Amino acid sequence: MAVKLAHKPAEAGVDWEALVARRDALRLRKNALLTTLLVFTLLAVITYKGASTISWEFLTTPPREGMSAGGIGPMIRGSLLLMLGTFLLATPLGIFGGVCLAEYGDRSRIRRFMHASVAALAGTPPIVYGLFGLAIFVLKFQFGVSLLAGWCTLTLFSLPVIVLTTEAALKTVPEGIINGGLALGLSRWQTLWRLALPYAMPGIMTGVILSLGRAAGEAMPVLFTASIYYASTFPALSWESLRQPVANLPYYLAEGYRQPGVVPEHLIWGACLTLIVLVLLLNVGAIVIRTRARRRYL
Amino acid sequence: MIAAMTPTTTKTVIQTVDLSVAYNGKLALKAVNAQFYENTVTALIGPSGCGKSTLLRALNRLNDRIPDAVTQGKVLIDGKDIYARGVNLTRLRREVGMVFQKPNPFPMSIFENVALGPRLHYGLRGRALEEIVEDALRKAALWDEVKDDLKKKSGLALSGGQQQRLCLARMLAVQPRILLMDEPCSALNPISTQEIEELIVELGKQYTVIVVTHNLQQAARISQYTGFLM
Ligand SMILES: Nc1ncnc2c1ncn2[C@@H]1O[C@H](COP(=O)(O)OP(=O)(O)O)[C@@H](O)[C@H]1O
Ligand SMILES: [Mg+2]
């Protein structure tokens with residue numbers, strides 16, 4: 001069919017190419033619309049089901065009566081703790097990796113190979129990271145199922161995206177700025193540190209936050225490495241906490257849903273909404289950073 | 001007084017010896033032998049693509065950045081070959097400043113644009129740094145226009161001509177002796193062009209200046225010597 005059409009245009013006097021382009025554009029718009037609708041329906045349903053559960057008490061108190069009542073305070077705290085540590089570990093490592101990819105061995109085969117590997121890692125399913133974390137951090141390094149092992153696993157999980165966004169952001173730094181710095185006698189390192197990185201920082205931070213948002217919502221990396229399900233208290237935080245598992249939102253959802261009849265449905269919906277809002281807040285943060293930075297650089 | 005009346009010296013500061021540059025094996029600059037004199041403005045003229053920018057970038061070794069570029073021959077500054085082994089690129093580029101065809105201020109305040117070099121190179125802080133920034137901006141005839149929001153206004157918020165003068169100030173602040181300018185007026189309107197030309201004449205009294213231009217009248221207006229490349 002397509003072949004026939006390709007031969008027709010001249011004689012028929014119809015601009016088939018334009019028609020095909022129009023059809024594709026329409027399809028694309030239709031798909032975009034459908035996707036948006038789907039997302040909004042999802043959000044609407046979760047908000048509708050979960051909103052009535054949300055209260056200060058729900059957000060700040062631990063579960064009671066064998067998980068069948070009370071709040072999700074420890075899960076929220078656990079998720080925030082996991083995020084914080086992952087942020088602190090993954091940001092410098094990821095930026096370092098991105099800098100190495102962007103700066104060293106331009107065009108070399110090694111660089112291309114590294115880039116492809118990182119891109120492949122970015123597409124690796126979360127469960128693989130979970131199992132890797134179990135094998136290496138939990139068992140080999142004997143961190144046990146713990147906050148520490150969770151940080152390490154989530155850091156690995158977030159790294160590829162941060163590395164790739166850093167590399168891409170550094171590529172957007174105008175040549176004029178780099179040449180300007182070098183012509184002033186700045187070393188390659190100073191040019192990178194004083195000029196290129198600040199210029200690329202909004203893009204890098206956007207990548208960091210988006211990748212954290214992804215990590216915040218995944219149950220699989222923390223499944224075997226950091227999670228407990230039954231958390232009826234707020235254990236005080238100390239250095240010991242590093243070696244102890246934490247409750248967290250995605251795992252609570254996964255397990256709570258898997259064991260029907262224990263956690264009542266409205267609590268699940270409430271936790272679901274909480275997690276979505278958390279991730280949304282991270283994304284909004286990324287957008288705010290980007291727009292403010294754009295304004296700063298005019 | 002006597003010094004002021006003495007004509008410009010003809011001490012050679014830069015001499016190129018059979019300088020050739022090739023990109024991907026294709027010669028862009030073929031065995032150039034040229035001399036540039038102290039406290040003198042030399043204009044370089046030639047058709048587009050004849051290697052004017054390549055020659056300038058060979059003088060501060062900015063071509064080193066281009067992986068395809070291969071340089072042969074010598075560039076002697078005060079008799080020393082800058083392509084010799086062990087030459088410190090930072091030192092060289094501090095001596096040999098450069099402004100580009102398209103003004104390229106850094107995305108930071110006017111003050112920071114000028115202060116970055118002296119701060120990193122000479123560790124200057126506070127009062128000393130502010131003085132050197134003011135001095136550089138005055139030499140670039142920009143001080144009066146920007147002194148009120150030096151630290152608040154972004155370098156990018158300036159007009160094209162002001163941006164180019166900011167780049168001049170940024171270069172002067174690291175105390176170079178040699179100034180390379182690659183068609184510094186080609187992106188500017190006639191009024192800004194005239195301002196920059198007057199500046200070049202002024203700077204030529206204290207610096208060894210090499211200006212690329214494609215405009216013969218401009219070369220005549222600003223330079224004591226003119227080199228033709230073809
Ligand atoms: N980075 C580069 N890579 C490959 N070829 C280049 C590069 N820069 C310049 N050239 C080539 O070298 C020649 C001289 O360029 P250039 O020095 O920019 O000339 P001009 O400044 O006189 O217009 C041109 O043919 C140009 O295509
Ligand atoms: Mg040129």
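Visitor: What does B:R61 count as, buried or exposed?
Guide: In this predicted model, the relative accessibility of B:R61 comes to 14%. Because the cut-off for a buried residue is under 20% relative accessible area, B:R61 counts as buried.

Visitor: How many residues apart are B:E130 and B:K151, whose side chains meet in a salt bridge?
Guide: The side chains of B:E130 and B:K151 meet with an N to O distance of 2.9 Å. B:E130 belongs to helix α5 (residues 126-139) of chain B, while B:K151 is in the loop between α6 (143-146) and α7 (160-172) of chain B, so that the pair links distant parts of the chain, and their separation is 21 residues.

Visitor: Which helices of chain B hold B:E145 and B:R165?
Guide: B:E145 and B:R165 form a salt bridge in which the closest N and O atoms are 2.9 Å apart. The pair ties together parts that are 20 residues apart in sequence, because B:E145 lies in helix α6 of chain B and B:R165 in helix α7 of chain B. As for accessibility, B:E145 is partly exposed at 42%, and B:R165 is buried at 4%. The helices asked for are therefore α6 for B:E145 and α7 for B:R165.

Visitor: Which residues do salt bridges that share partners join into one network?
Guide: One member, B:E130, has a relative accessible area of 32% and is partly exposed. Through shared partners, the salt bridges join into one network the residues B:R127, B:E130, B:E131 and B:K151.

Visitor: Which residue of chain A forms a salt bridge with B:R65?
Guide: Across the interface of chain A and chain B the rule finds one salt bridge. In the salt bridge of B:R65, the closest N and O atoms are 2.9 Å apart, and the partner in chain A is A:E175.

Visitor: Which helix gives the most to the side of chain A that touches chain B?
Guide: At least two residues of that side come from each of α9 (175-183) and α10 (188-217) of chain A. With nine residues, the helix that gives the most is α9(A).

Visitor: Which three residues supply 31% of the area that chain A buries against chain B?
Guide: The contact draws 20 residues from chain A and 23 residues from chain B. Between them the two chains bury about 1900 Å², of which 65% is on carbon and sulfur atoms. The three residues that supply 31% of the area chain A buries, more than any other three, are A:A183, A:L184 and A:R194.

Visitor: Which backbone oxygen does the side chain of A:T225 reach?
Guide: A:T225 is found in the loop between α11 (220-223) and α12 (249-258) of chain A. With a relative accessible area of 0%, this residue is buried, and the residues that A:T225 touches include A:G130, A:L134 and A:T153. At 2.7 Å, its side chain reaches the backbone oxygen of A:P221.

Notes: Residues are numbered from 1 along each chain as its sequence is written. Chains are lettered from A and ligands numbered from 1 in the order in which they are written. This is a predicted model: local features need pLDDT of at least 70, side-chain atom pairs count only at pLDDT 80 or more; totals for chains, interfaces and linings use all residues. Side-chain values use heavy atoms; hydrogens and water are left out. Contact means heavy atoms within 4.5 Å. Buried area is the accessible area (1.4 Å probe) that two parts lose on being put together, summed over both. A salt bridge is a side-chain nitrogen of Lys or Arg within 4 Å of a carboxyl oxygen of Asp or Glu. Helices (H or I, at least four residues) and strands (E, at least two) are DSSP runs, numbered from the N terminus. Buried means under 20% relative accessible area, exposed over 50%, partly exposed in between (1.4 Å probe, protein chains only). A polar contact is a pair of N or O atoms within 3.5 Å; within protein, one must be able to donate a hydrogen and the other to accept it, and residues adjacent in sequence count only if both atoms are side-chain atoms. Lists of a residue's contacts leave out its neighbours within four places in sequence.
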